[in-house]
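Please look over the sequence and the structure below.

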Amino acid sequence: MLVIEHARVATMTGPQAGAADAPLAIVERGAVACEDDRITYVGRASGAPPGGERIDAQGALLAPGLIDPHTHLIFAGDRAREHAQRLAGATYAQIAQAGGGIRSTVEATRAASDDQLLAGARERLARLVRSGVTTVEVKTGYGLSVHQELRLLRIARAAGRRAGCEVLPTLLALHAVPPDSDRIDWLRAVVQELIPEAAREGARGCDAFLEKGAFDADECRTALEAGGQAGLVCHLHADQLSASGGAQLAAELECASADHLERATREGIQALARAGTTAVLLPLAAWFLRDRAAQAQPFLDAGITVALGSNINPGTQRIESVSMLLAAGCLLAGLTPAQALWSCTAGAAKALRLNDRGVLRVGLRADLVLFSCADAAHLPYHAGVEHARVVVHGGEVVHRAPALTC
Ligand code: NIG
């Protein structure tokens, strides 16, 4: 048994849109006990079960392990030069049309060995674990052939073994038209071969990129319907660079999440609200592209659950830090610190349709993060350093760091 005691326990069972610290639903002078990979006690420290290994939180904040619901962290190569080109005025679309963008990462990824891709993915996952992340969604999308996409899925699953976090692989075959295929042939191969095989190979989710220069609504609908029929949890890259009806399509298909949403319209937001689809905001990507981040408030006002994702990828977001994500969630998307932390736990669990984590309750997974600070407001304030002091995944301590003192 593991007991973390004398903590401010942020159970995350409060309402996301609540004021001040309401979303956190804190138990003061609290404790959480775990037996094997389950939580067995959440409450006042005075009532915690005796014995076991004990960690004294010394009044610091204890939260559910963080969940990153949107990453593209299996890739090879480097697009720093594209970043510099954008900083000099080029747009994402212009760079893609000139042969850069996703296709350049596809070329580098195909050329990399399994070991190289695995090593890169493990390093990035390790950095997330040190930030307090215990669940990571990982998309394919840089293979873009049946063989290569299945290879990336296998590498995602391998990267998750003994990583200190759980990896949930998502098939993103409709990320770009493959350099060596026609869009109609690719869509046929995705629906007829890749999706059924990916579901057998352990993919959990299915995603598509609805955007000018990527795929249109009919193509995304065809792929996501096939994904849903294969039992995959559906997500959609929606309204990122243009208002493309992405939120409406995600709602129509009852996707678990619509992601990006920088250009979601009022009608799109209403459609997401009616469908109960979670809005995954990716403010670090908007910052990276020097775009305006999606604002959380209209989604919260409509009663939509908001999650935050890192969107780690080689092109539009290369910052691997939850601390920076929380800061961007507040400074760029307009969340309060408590709402931002809720978005990275309870909100992100809903975006991935995970009912066994994201809040602290008896019987749920023993995934926890003990921060150095006592107050959630400190996390986005003192950004750029990681505040996770103890990270517990499945009841095992997977990371310890000295408490920050300044
Ligand atoms: O979420 N929008 C599509 N996919 C990524 C970008 C991927 C890339 O440029 O390599 C994103 O921003």
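How far from an oxygen atom of the ligand does a polar side-chain atom of Thr316 lie? The distance is 2.7 Å.

## Basis of the model

This is a predicted model, in which local features need pLDDT of at least 70 and side-chain atom pairs count only at pLDDT 80 or more, while totals for chains, interfaces and linings use all residues. Residues are numbered from 1 along each chain as its sequence is written, and side-chain values use heavy atoms, with hydrogens and water left out.

## Around the ligand

The ligand is surrounded by 15 residues (each with a heavy atom within 4 Å of it). Arg79, Tyr92, Tyr142, His260 and Thr316 are the closest.

Arg79 places a polar side-chain atom 2.7 Å from an oxygen atom of the ligand.

## The largest pocket

A pocket is found on a 1 Å grid over the protein atoms alone, as an open set of points where a 1.4 Å probe fits, with protein on both sides within 12 Å along at least five of seven lines. A volume is the space filled by probe spheres set on the points, which are joined across faces, edges and corners. For the largest pocket it is about 350 Å³.

Its lining (residues with an atom within 4 Å of a point) has 16 residues, and Ala96, Gln97, Lys212, Gly213 and Ala214 lie nearest the centre. Helix H2 (92–97) and helix H3 (102–111) each give two or more residues to this lining; helices are DSSP runs of H or I with at least four residues, numbered from the N terminus. H2 gives the most, with four residues. By type, the lining has nine nonpolar, four polar and three charged residues. Here Ala, Val, Leu, Ile, Met, Phe, Trp, Tyr, Cys and Pro count as nonpolar, Asp, Glu, Lys and Arg as charged, and the others, Gly among them, as polar.

## The second largest pocket

The second largest pocket holds about 220 Å³ of space. Among the residues that line it are Arg86, Tyr92, Leu241 and Asp291. Five residues of this lining are nonpolar, one is polar and three are charged.

## Cysteines

The whole structure has zero disulfides (pairs of cysteine sulfur atoms within 2.5 Å). For Cys220, the nearest cysteine sulfur belongs to Cys255, 9.5 Å away.

Cys234 is buried, with a relative accessible area of 8%.

Technical notes. Buried means under 20% relative accessible area, exposed over 50%, partly exposed in between (1.4 Å probe, protein chains only). A polar contact is a pair of N or O atoms within 3.5 Å; within protein, one must be able to donate a hydrogen and the other to accept it, and residues adjacent in sequence count only if both atoms are side-chain atoms.
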